[in-house]
Amino acid sequence: MSSVAREWREIPGRYNLKGTKCENCGSIFFPARDFCPKCRRAGIGKVVPYNVCRTGKVYSFSVIHEAPDCNNAMKPYAVAMVQTDDGVLVSAQLVDVDLDKIEIGMPVRAVLRKLDADGASGVIHYGYKFVPNL
Amino acid sequence: MMDVGIVSYGAYVPRYRIKPEEIGKIWGVDGKGMGKGLMIYQKSVPSPDEDVVTIATEAARYMMARVPEVNPQDIGAIYVGSESHPYAVKPTSTIVAEAIEATPAMTAADMEFACKAGTAGIQACMGLVGSGMVKYGVAIGADTSQGAPGDALEYSASAGGAAYLIGTEKVIAKINKTLSFTTDTPDFWRREGQPYPLHGGRFTGEPAYFRHITSAAKMMFEAMGTTAQDYKYAVFHQPNGKFPTRVAGQLGFAPEQIEYGLLTPNIGNTYSGAVPLGLANVLDHAEPGDRIFVTSYGSGAGSDAFDITVTDEILNYKRDNAPVLEKVMADPVYIDYGMYAKFKGKIIMSE
Amino acid sequence: MRDVAIIGVGCTKFGELWNKSFRALGIEAGMKAMEDANLSGSEVDGIFIGNMSAGRFINQQHIDALIADYSGMATHHIPATRVEAGGASGGVAFRQAVMAVASGMNDVVLVGGAEKMTDLDDASINSVMDATADADWEAGMGVTFASLHAMIAQRMIHDGIATREEIASFAVNSHFHGALNPNAQFRKAVPIETVLKSGPVATPLGMFDCAPISDGAASLVLCPLEDAKKYTDSYVKVSAVTQASDTLALAQRPDITSYGATVAAAERAYKQVGITAADISVAEVHDVYTVAGIMALQDLGFYKRGEAGKAVLEGQCQLGGSGVTINTSGGLKARGHPIGATGVAQVAEIVEQLRGSADKRQVENAKYGLAQSSGGMGSAVTVSIMEAI
């Protein structure tokens, strides 16, 4: 069983793509970072919360045939690196999609889906996946 | 009480479908004939990564997308009605609340009243909003209902949900009145820890569905001094296509009045999502001045009736900020029973 | 700083070694290297072990103590250090050992690399591999290690950097050499059709694009170059061993079709030795997936972007080919990939090549050989250049 707290503390990022932005250099970070690796000391105290765009385009993708146990019911399933409309690359699953019609450049949007669960009696983990943008 | 109504709404149905003939094939039943009798020609199936939390969240996000001027922090209450909450203990509503960024200064609870938990949530929100206790309330009806393999319910139990933002400002549909008719009638139930519900067979008809809906509807007609002819649209609970069609006729409604509000023939019985989804599809088509008659039904048993008038505000409403139901339901993917069994977790997997 | 020599190498067979335990493998490789270096054992004054995940594979932490103990070094109380850097654990352990000898802190150092993977079930093994990428934001989102490489491949194909066939040809190259290596897990050459038609793992990559699950260990003995002759006439010089880092998650990079850490480590290494990529005759690169091998050839400067795939498909990188000979050991794909052992085994192969003991896979007249070890998605990379004496 994975740690309940570990998943819980990531809820803002997992549910709502909450990242951060360095007001010193303008860089957007997802997942959120409190320390700007570009500005380092100059960015201390200037990294603020930032909501990453929930729409974007497929930058690259793959259809997974050998899946982790938690995703057995989903396989084969697609994953994508999505470039959000504000330029952030996010790796996630791409669901509700015709696997043979995925293309680089395809518009997608983030939805909330089940990622996995700690067995039949443990906590269910929810997080973002992408779907084709209707 | 202030005037209270619907400020926004959002509706979502999973993409997958199965047809009754495919189910019947497995159980040696004339599924097509059964579907025809029930007036259910296909039903929605949730993806393995969908449940009431994700369906309710998607509907709620559509709802919020259409009112970008509403600050989610002004939502004071969220109620999610369902009979298939993913947790027996641990609310669905808190997850949805987090996902639309309405937390933490708010109240939340999960509701259960068989197929009418969604409309019960609307009533609860009306009370809170109308009394001034909260600025906005969110009521969601959503289900990923289970029918036991081979049982009649397997041909109908489906998945979907709709969310309603209840408030007093910029109301697109004013709720003129709501009332309920409630008795202790055990026509359908699921005991704690049991995976599938049981039902009273034909007992679910006359003493249950029909008695409660017609009683609530007649109480509404009487209270409002109206008849079926005063409404442009009507939405009834729809465990199948047959019951609402018959009850509409009994109450004097013409088939075209229930057309938009009757989705079960195409998506199956979405339980707590059924009336909220039917109403959403009506609102997708509604114009100012349209009057809508709504009566839900929940086994156990009770009916909530609503008398609603669409306002001029719907002309300013940003409905296109999220997909309308026809768009959500377009492009379905049909699956066979094997895939259905896998999606619904009916196959015993190794640990 | 002192120049450093490699005076002994030893490798176990790589593969599914059901009857061999982690400790047995580690000791076997170590003893072979000691024997190769003509040491009795008492000369050794330090141990560095590359091991990625004994904690998860065999539920054993504290690998440094285990190896020191079973190699008989614990009784001398010499320092033993375990190094972890994902798939680059072996490469980084080697670098730590070189630094220890170069600095004068140690005189004779044993470098080991070992992994026992097959005691765990396949799904759990894959989850350990996935954890070398970003556990929270890649693996945790259902994005597997294989799929990250697949997305690099997809993007390379899309951008015209390599075709699917060119990427697949890397496995043909590795298998061709693996057939010649008695210690390799797969000793069979395969045609490109086999690679292209292998079952899908993460499209466009199939089973034959992926390094296997392996058990195995490798070992090296280092000493100051000036002392090498005291022990053996058969040694090579370590000319450079550099290391570079990159972001943990692939999505954090502006370009996913090149590993910046490989580029940086290679540039530093060439500069240190005063050579260019063109001076390298033989190289071992980290082809955990075929696409990683193609990328390495470009990032190491052997080929320009867009030309590595063509070269491999044409056979330029095979023994007797016109280019730098790549992965004569069989690479990760055919020799096998017991993770912590891999980076050490790569260096061992280059040593064999440079001292002329590589038998059927011997590259003629090689002066400089290079080994590239990579962890995660190129998040830690070492580049080592060895020179024939």
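Rings of Phe, Tyr and Trp (its six-membered ring) pair if their centres lie within 6.5 Å; planes under 30 degrees apart count as stacked, over 60 as edge-to-face and the rest as tilted. Keep in mind that this is a predicted model, where local features need pLDDT of at least 70, side-chain atom pairs count only at pLDDT 80 or more, and totals for chains, interfaces and linings use all residues. Residues are numbered from 1 along each chain as its sequence is written, chains are lettered from A in the order in which they are written, and side-chain values use heavy atoms, with hydrogens and water left out.

**Exercise 1. Aromatic pairs**

Task: find how many aromatic pairs the whole structure holds, then work through the pair of Phe221(B) and Tyr231(B).

Solution. 
- Step 1: the search over all chains turns up 24 aromatic pairs.
- Step 2: for Phe221(B) and Tyr231(B), the centres are 6.3 Å apart and the planes make 35°, so the label is tilted.
- Step 3: Phe221(B) sits in helix H6 (residues 205-224) of chain B and Tyr231(B) in the loop between H6 and strand E11 (233-236), so the pair links parts that are 10 residues apart in sequence. Helices (H or I, at least four residues) and strands (E, at least two) are DSSP runs, numbered from the N terminus.
- Step 4: check the cover. Phe221(B) and Tyr231(B) are both buried, where buried means under 20% relative accessible area, exposed over 50% and partly exposed in between (1.4 Å probe, protein chains only).
- Step 5: look around them. Together with Phe236(B), Phe253(B) and Phe293(B), these two rings form one aromatic cluster.

**Exercise 2. A pair within one helix**

Task: describe how Tyr337(B) and Tyr340(B) pair, and say where they lie.

Solution. 
- Step 1: the pair is tilted, at 5.3 Å centre to centre with 55° between the planes.
- Step 2: both belong to helix H12 (residues 337-343) of chain B, three residues apart, or about one turn of the helix.
- Step 3: Tyr337(B) is buried at 8% relative accessible area, and Tyr340(B) is buried at 1%.

**Exercise 3. Helix H4 of chain B**

Solution. 
- Step 1: list the buried residues, which are Thr92(B), Ser93(B), Ile95(B), Val96(B), Ala97(B) and Ala99(B).
- Step 2: carry on past the end. Glu101(B) follows H4(B) and has a positive phi, near 60°.

**Exercise 4. Chain B as a whole**

Task: work out how compact chain B is.

Solution. 
- Step 1: count the elements: 12 helices and 14 strands.
- Step 2: the radius of gyration of chain B is 19 Å, close to the 20 Å from the globule rule for 351 residues, so chain B is as compact as a globular protein of that length. The radius is taken over C-alpha atoms, and the rule is 2.2 Å times the number of residues to the power 0.38.
- Step 3: the C-alpha atoms fill a box of roughly 55 × 45 × 40 Å along the principal axes.
- Step 4: of the 351 residues, 60% count as buried.

**Exercise 5. Thr118(C)**

Task: locate Thr118(C) and name what it touches.

Solution. 
- Step 1: Thr118(C) is in the loop between strand E4 (109-116) and helix H5 (122-130) of chain C.
- Step 2: with 11% relative accessibility, Thr118(C) is buried.
- Step 3: leaving out residues up to four places away in sequence, Thr118(C) touches Glu16(C), Trp18(C), Ile213(C) and Asp215(C); contact means heavy atoms within 4.5 Å.
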